[in-house]
Amino acid sequence: MTTPPLSGEQTRALNPPVLQGFSQLPLATPIHRATTFEFASAAEYAAVLSGTAEGYCYSRIDNPTADGFAAAVAALDAVGAPGEVRGQPFASGMAAISTTLLALTAAGAHVVAPREIYGGTFSLLARQLSRFGVTTTFADTTDPAAVAAAMTPATTVVWAEAIANPTLSVADVGALAAVAHAGGAQLVVDATFASPAVVRPLALGADVVLHSATKYLGGHSDATGGVVCARPELIAPIRLARVDLGGSLAPDEAYLLARGLQTLPLRVARHSETALALATALEGHPGLARVDYPGLASHRDHALATAIFAPGRYGGMLTVTPHGDRAEGMAFCDRLRLVRVATSLGGTHSLVSHVASTTHRQLTDAELAAAGIGPAACRISVGLEDAPDLLADITAALS
Ligand SMILES: Cc1ncc(COP(=O)(O)O)c(C=O)c1O
C-alpha cells in the first residue's frame, strides 16, 4: 500500500523516506533505540505479541541490540555445554539475579546459598524473598557435603559463585551440580568474578550461569547490565519473569556491553597474567600477612582452579592483607596512587576496596576471622596497566 501525498510540514517531518534494501551488514552492533516496532499488518502484530510468530514488538519485551549482546555472551558460555544455550539480557546483574530467583522459586521454596555470597544477593534472599515465603540456608558451598546437608525437600535452587569475594575460593561446579540434582534442585552459578573467559559452568554441569555484565563482560566501567544463560526450557520462564518484572537491558547499554565483550578473552588473559605476576611477587612480602589468588600454589583451591579454569587464566581479582587492623588496611588503600580507591571490578583500571569497611562492613572482626578474612584485607581488581607499574605502586604503599 502506498502512502497518500503528504501535505503537512509536520507530517512530512515524521514520515521521511525509509532506506531499505541494502544487503551489506554493519560490522558494528546497530543500536535499535526504538521502544516500539511497526508491523506490516494487525495480524502480524497479534502473532508476534502472542508468540506464534518471531519478531520485535516493544523493547521491554525484547530488543534486537540487547538480544544480540545476550546471544554473544551465550555463545561464549555454551562452549562445552550439553545442548543448546540461550541468553537473556538484563538491566543489571541484580536484575538478572532477582529475576532468576523469582523464576525458579515460589512461596514455600528453599534456597541453599554460599555464606560468602555477594551482598546484594544476600540482601535479596534475606530481606526481600523471605517476605514472600522463600527461605534460604547460607551454607559453606566450598563443601558439597555441607550443601547436601543444608538441602530440604523444598530446595529448588542451589546457588554458587564461581569465584567468591574476597577469599577468591572457587566453586566445585561439578560436585555442586551432582548434589543439587540429587535433591531435585537447579544449580545456578554467578560467574561475575570469573567470566566465560575463565570458567564455563554450564559445561561443568550447572543449569544456569549468570553475570553482572557491568564487570568483565563490558570491561570498561561505563555500562550497567546483566546476562543469564541456560538451556532453552529453563531460559523461557526466566525471560517471561523479566518481561513481567521489567528489568530489561536498554539498547545503548547493550551496545557498550557488546563492544566491550569483543575483547573479553584478550582482556581477561592480560588481567590474569598481571594478577599472577603481582601475586607471585607479593607473596611473602614482609608488609603482608597473606596474599589470596587462585593462581598461587598456596591458595586453597589452586588444584580445583587449575582443573576447571581456562589454561593459564585464574582471573583478575587479587586479595592482599597487610599486617594490622582495619585502619591499616584503609591507610594502605590511601597510599596507593595508580590503583584507585573505587567500587566495582573487572574494568580497564586497577581498583582497590578495603573489605572490612566496604563489601563486608556488616561483619565483626571475629566474623571476618571465621570467614578467613583479615581486618586489613584489601581486594584489588587488577586492570590492564603494566605489571611493573602496579607492583611499584603496591610495594610503595606497603613500605
Ligand atoms: C558477584 C556479583 N554478582 C552480582 C553483582 C551485581 O551486579 P550489578 O551491580 O550489575 O547489579 C555484583 C556487583 O558487584 C557482584 O560482585
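At least two residues each of the lining of the second largest pocket come from α2 (42-50), α3 (64-77), β1 (86-90) and α8 (232-245), where helices (H or I, at least four residues) and strands (E, at least two) are DSSP runs numbered from the N terminus. The model is predicted, so that local features need pLDDT of at least 70 and side-chain atom pairs count only at pLDDT 80 or more, while totals for chains, interfaces and linings use all residues. Residues are numbered from 1 along each chain as its sequence is written, and side-chain values use heavy atoms, with hydrogens and water left out.

Helix α8 supplies the largest share of this lining, five residues. The lining has 24 residues in total, of which E54, D62, D67, Q88 and R239 lie nearest the centre of the pocket, and it divides into 14 nonpolar, five polar and five charged residues.

The ligand is surrounded by a shell of residues (each with a heavy atom within 4 Å of the molecule) that includes S92, M94, Y118, D190, T214 and K215. Helix α4 (residues 93-104) gives the most to this shell, with three residues. Of the 390 Å² that the ligand exposes when taken alone, the protein buries 87%, with accessible areas taken from the Shrake-Rupley method with a 1.4 Å probe.

Within helix α3, which also contributes to the pocket lining, sits T65. T65 counts as buried because its relative accessibility is 1%, buried meaning under 20% relative accessible area with protein chains only as cover. A polar atom of the T65 side chain lies 2.7 Å from the backbone nitrogen of H32.

Most residues other than glycine have a negative phi, and most peptide bonds are trans. In the loop between β4 (155-161) and α7 (173-182) lies P166, and the peptide bond from N165 to P166 is cis, with omega near -5°. That loop also holds L168, whose phi is positive, near 60°, and which counts as buried at 0% relative accessibility. S195, in the loop between β5 (186-190) and β6 (208-212), has a positive phi of about 75° although it is not a glycine, and S195 is buried, with a relative accessible area of 1%.

Notes. On a 1 Å grid over the protein atoms alone, a cavity is a set of points where a 1.4 Å probe fits but cannot get out, and a pocket is an open set with protein on both sides within 12 Å along at least five of seven lines; lining residues have an atom within 4 Å of a point. Ala, Val, Leu, Ile, Met, Phe, Trp, Tyr, Cys and Pro count as nonpolar, Asp, Glu, Lys and Arg as charged, and the others, Gly among them, as polar. Buried means under 20% relative accessible area, exposed over 50%, partly exposed in between (1.4 Å probe, protein chains only). A polar contact is a pair of N or O atoms within 3.5 Å; within protein, one must be able to donate a hydrogen and the other to accept it, and residues adjacent in sequence count only if both atoms are side-chain atoms.
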